[in-house]
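User: I'm new to protein structures and would like a close look at one part of this one, the sheet you would start with, and then how its surroundings connect. Could you walk me through it slowly?

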Amino acid sequence: GIARIDYALTLNGLTSPSSGTGTPVVATLSGEGQGEVSHFATDVAGNVESPLKLAPLKIDRTPPTIDGSRVPVANTAGWNNSAVTAIFTCADGLSGVASCTSPITLSLEGTSQSAAGTAADVAGLSTSLTISGINIDLTAPVVQVTGVSHGATYTLGNVPQAGCTTSDALSGVAFGAVAVVAGGTSNGVGMFTAACGGALDHAGNPGAASATYAVQFVFTGFLAPVDNLPVVNTAR
């Protein structure tokens, strides 16, 4: 008959023998690592069975780690003016990484966007991470020329003051446009261009606008003996 059944549990290089009295031995391992379980029986006569090894013993109770980054990083105002890619890096020091979320690219405009990733190890444990606070503005600020109108004609001395307005519906205006007027002749007539430049929103998008107009002398009519319209002057 069987006198007893012995088990030897080896984990991380340490062997812990356990024995029973003819019935299976139940052992609970709370550590982690890779090892093996062997067992053998001893009969009443003192004969000992050659140890038999069970399947390899692998225990991993620690979830994998996951880190996240974003490319490109946000500017000092917390905005991006291009698509943002969320990249996840996963690691597991024991059973190894089974899966890791692939890079996620956010290409639409909006505030407080996020991307979620998950790391899973071979033991079936998982860890999730969300990269949040992604603000994307792809649209340039709206710049308009004020005072003068594109294609208009003004008389000398009655030209409106050119100016600029700047607005941005998403990230907001960081720097408003400034008007610079150029063109014409030294006596103040001719073709002029009012350029509004230097506008920038908080995402770094530039904006500009311009208007071209004409300035001419004031004409009050011909002097005598020439008559003004609707008279038709004839001469020989």
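Analyst: Happy to! Let's start with an open sheet made of three strands, which pair antiparallel in the order S8-S10-S11. Please keep in mind that this is a predicted model. Strands in a sheet pair through backbone hydrogen bonds, and the pairing can be parallel or antiparallel.

Which strands stand at the edges of this sheet? They are S8 and strand S11 (126-136), and each has a single partner strand, so one side of each is left without a neighbour in the sheet. On average, and ignoring direction, neighbouring strands here are turned by 20° against each other.

Now look at one pairing in detail. S8 and strand S10 (residues 110-121) run antiparallel and are joined by three bridges. You can find one spot by eye: Val 97 stands opposite Asp 121 in S10.

Cys 90 and Cys 100 form a disulfide, with their sulfur atoms 2.0 Å apart. In general, a disulfide is a covalent bond between the sulfur atoms of two cysteines. The Cys 90 and Cys 100 link is right-handed, with 70° about the S-S bond. Are the two cysteines buried or exposed? Cys 90 has 17% relative accessibility and counts as buried, while Cys 100, at 32%, counts as partly exposed.

Strand S7 (residues 84-91) and S9 run antiparallel and are joined by three bridges. To see where they meet, look for Thr 85, whose bridge partner in S9 is Thr 105.

How many disulfides does a search of the whole structure find? It finds two. The other one to look at joins Cys 164 to Cys 196, with an S to S distance of 2.0 Å. This link is left-handed, with -90° about the S-S bond. Cys 164 belongs to strand S14 (residues 163-167) and Cys 196 to strand S17 (residues 190-201), and the two are 32 residues apart. Cys 164 counts as partly exposed at 22% relative accessibility, whereas Cys 196 is buried, with a relative accessible area of 2%. Counting bonded cysteines along the chain, the disulfides follow the pattern 1-2, 3-4.

The largest nonpolar core has 15 residues, and Val 145, Val 148, Ala 194 and Tyr 213 touch the most other members. Strand S12 (142-146), S17 and S18 each supply at least two residues of this core, and the largest share, four residues, comes from S17. What does Val 148 touch, leaving aside its neighbours within four places in sequence? Val 148 is in contact with Tyr 154, Val 159, Pro 160, Ala 162, Ala 194 and Tyr 213. Apart from this core lies another, of 11 residues, among them Val 84, Ala 115, Ala 119 and Ile 134.

The structure holds three aromatic pairs. Tyr 154 and Tyr 213 form one that is edge-to-face, at 5.7 Å centre to centre and with 80° between the planes. Tyr 154 lies in strand S13 (residues 153-155) and Tyr 213 in strand S18 (residues 206-216), so their pair ties together parts that are 59 residues apart in sequence. Both Tyr 154 and Tyr 213 are buried. Ring pairs also link Tyr 154, Phe 192 and Tyr 213 into a cluster.

For a last stop, find Phe 219 and Phe 222. Their ring centres are 5.4 Å apart and their planes stand at 75°, so this pair is edge-to-face. Phe 219 counts as exposed at 58% relative accessibility, and Phe 222 is exposed as well, with a relative accessible area of 52%.

Methods: Residues numbered from 1 in each chain as written. Predicted model: local features only at pLDDT ≥ 70, side-chain atom pairs only at ≥ 80, totals over all residues. Heavy atoms only, no water. Phe/Tyr/Trp six-rings, centres within 6.5 Å; stacked < 30°, edge-to-face > 60°. Buried < 20%, exposed > 50% of the residue type's maximum accessible area, 1.4 Å probe, protein only. Pairing = 2+ DSSP bridges. Disulfide = S-S within 2.5 Å. Core = buried A, V, L, I, M, F, W, Y, C linked by side-chain atoms within 4.5 Å. Contact = heavy atoms within 4.5 Å. Axes fitted to C-alpha atoms, helices over the stretch in contact; angles between N-to-C directions.
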